[in-house]
Amino acid sequence: MPELPEVQAHAERLTEQFGGAQLQKFVPFNFTALKTAVPPPSDAYGAPLQTVGRRGKYLLLQFESVTFIVHLMQGGRLLVDEKQSAKPRNGQARFLFVDQPALLLTEAGTERRAGVWCVPSVAGGIPEGPPLDRLGPEAMEISAEQLAAAFEAHNMRVHGFLRDQHMIAGLGRMLANEVCHRAKVSPFAMTRKLGAVGAKTILEAIHDAVDEGLTYERTRDSMSSSADRPGRVHNRVGEPCPVCADTIRSVSYSGYTVAYCPTCQTDGKVLADNTTSRFLK
Ligand SMILES: [Zn+2]
């Protein structure tokens, strides 16, 4: 899934390529693509695209009166569409512009969870209401004090906290892995136990990991897939840790895989795999 660096760099690219372009039409290809009824997308027809912004993992296509909020979910992409074929592969919706290529929202697979919300614009700000109203603070804007307070208020595994968009917005599985590794914290450490010192360490690791991701992503002309992204533990299971040369390990937890370095993060302890250890009992 695209995370903060991928979505942010994509927003910047789209602003550069489509800023000022006049919206001609918004065309959903199925009834799940547009998640809202009011205001209608036609409120933006003829208006120039002011900017493409980001909140959490959402792209915000801002026009004067309405903003289109796009969530790519797992396999979605918002692609420059020169061909505009009648039945685009995996096509969910299309933004048509006057004298410009279109933008095509695609989603691989059959889940159909990517989608578009059309909401009233807030001048110079982030639209209110769903789907953005339940997001926690931005990962790169939260302060160490705020993070420490959230750790205290919500005692949970830190890896789960980092991925929870209600707690902190913009990080996903990959960055949660990378942040825990950089902070030398077990992915299963409890947030309350990490305390104020732990929150500061985690916040520094968030900035490091996001900055590295952004630097890479800004060199590209399209959004990366997770296998392309620079990482120290994510997609590196079985390889040596770049810090200590121990072998990067993985543990399956509630349906997803957490990657970590035992020496750097768990005092050398190999974490029990919930899914397999159940069978060994
Ligand atoms: Zn290590």
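Me: How do strand 1 and strand 6 pair, parallel or antiparallel, and over how many bridges?
Reply: In this predicted model, strand 1 and strand 6 (residues 91–97) are antiparallel and share five bridges.

Me: Which residue in strand 6 is the bridge partner of Pro-28?
Reply: Ala-93 is the partner of Pro-28. Ala-93 also stands opposite Leu-105 in strand 7.

Me: What sheet do these strands belong to, and in what order?
Reply: An open sheet of four strands, ordered 1-6-7-5, with antiparallel pairing. Strand 1 (23–28) and strand 5 (76–81) are the edges, each pairing on one side only. From one strand to the next the twist averages 15°.

Me: How many bridges join strand 7 to strand 6, and how many join it to strand 5?
Reply: Four bridges join strand 6 to strand 7, and six join strand 5 to strand 7. Both pairs run antiparallel.

Me: What's in the turn of the strand 6 and strand 7 hairpin?
Reply: Four residues lie between the two strands, and Asp-99 in the turn has a positive phi of about 55°.

Me: Is strand 7 buried or exposed?
Reply: Buried: six of its six residues are, so strand 7 is largely enclosed by the rest of the structure. Ala-102, Leu-104 and Thr-106 point one way, while Leu-103, Leu-105 and Glu-107 point the other.

Me: Which helix lies across strand 7?
Reply: Helix 1 (residues 4–18) lies across strand 7 (102–107), and also across strand 5 and strand 6. Helix 1 runs at about 20° to strand 5.

Me: Switching to the metal. What are the protein donors of the zinc ion?
Reply: The SG atoms of Cys-241, Cys-244, Cys-261 and Cys-264, 2.2 to 2.3 Å from the zinc ion. Along the chain the donors follow the spacing C-x2-C-x16-C-x2-C. Cys-241 sits in the loop between helix 5 (191–217) and strand 9 (249–253), and Cys-264 sits in helix 6 (residues 262–265), 23 residues apart. Cys-241 and Cys-264 are both buried.

Me: Why is the arrangement called tetrahedral?
Reply: Because the four donor atoms subtend angles of 96 to 114° around the zinc ion. The ideal value for four tetrahedral donors is 109.5 degrees.

Me: Last one, helix 2. Which residues are buried?
Reply: In helix 2 (residues 144–153), Ala-144, Leu-147, Ala-148, Ala-150 and Phe-151. Seen down the axis, they fall within an arc of 160°, so they line one face of helix 2. Glu-145 and Ala-153 are exposed on the other side.

Me: What do the buried residues of helix 2 pack against?
Reply: Helix 3 (158–163) and helix 5.

Notes. Residues numbered from 1 in each chain as written. Predicted model: local features only at pLDDT ≥ 70, side-chain atom pairs only at ≥ 80, totals over all residues. Heavy atoms only, no water. Donors = N, O, S within 2.8 Å, 3.2 Å for Na, K, Ca; no water. Tetrahedral: all angles 85-135°; square planar, octahedral: opposite > 155°, others 65-115°. Buried < 20%, exposed > 50% of the residue type's maximum accessible area, 1.4 Å probe, protein only. Arc of directions from axis to C-beta. Contact = heavy atoms within 4.5 Å. Pairing = 2+ DSSP bridges. Axes fitted to C-alpha atoms, helices over the stretch in contact; angles between N-to-C directions.
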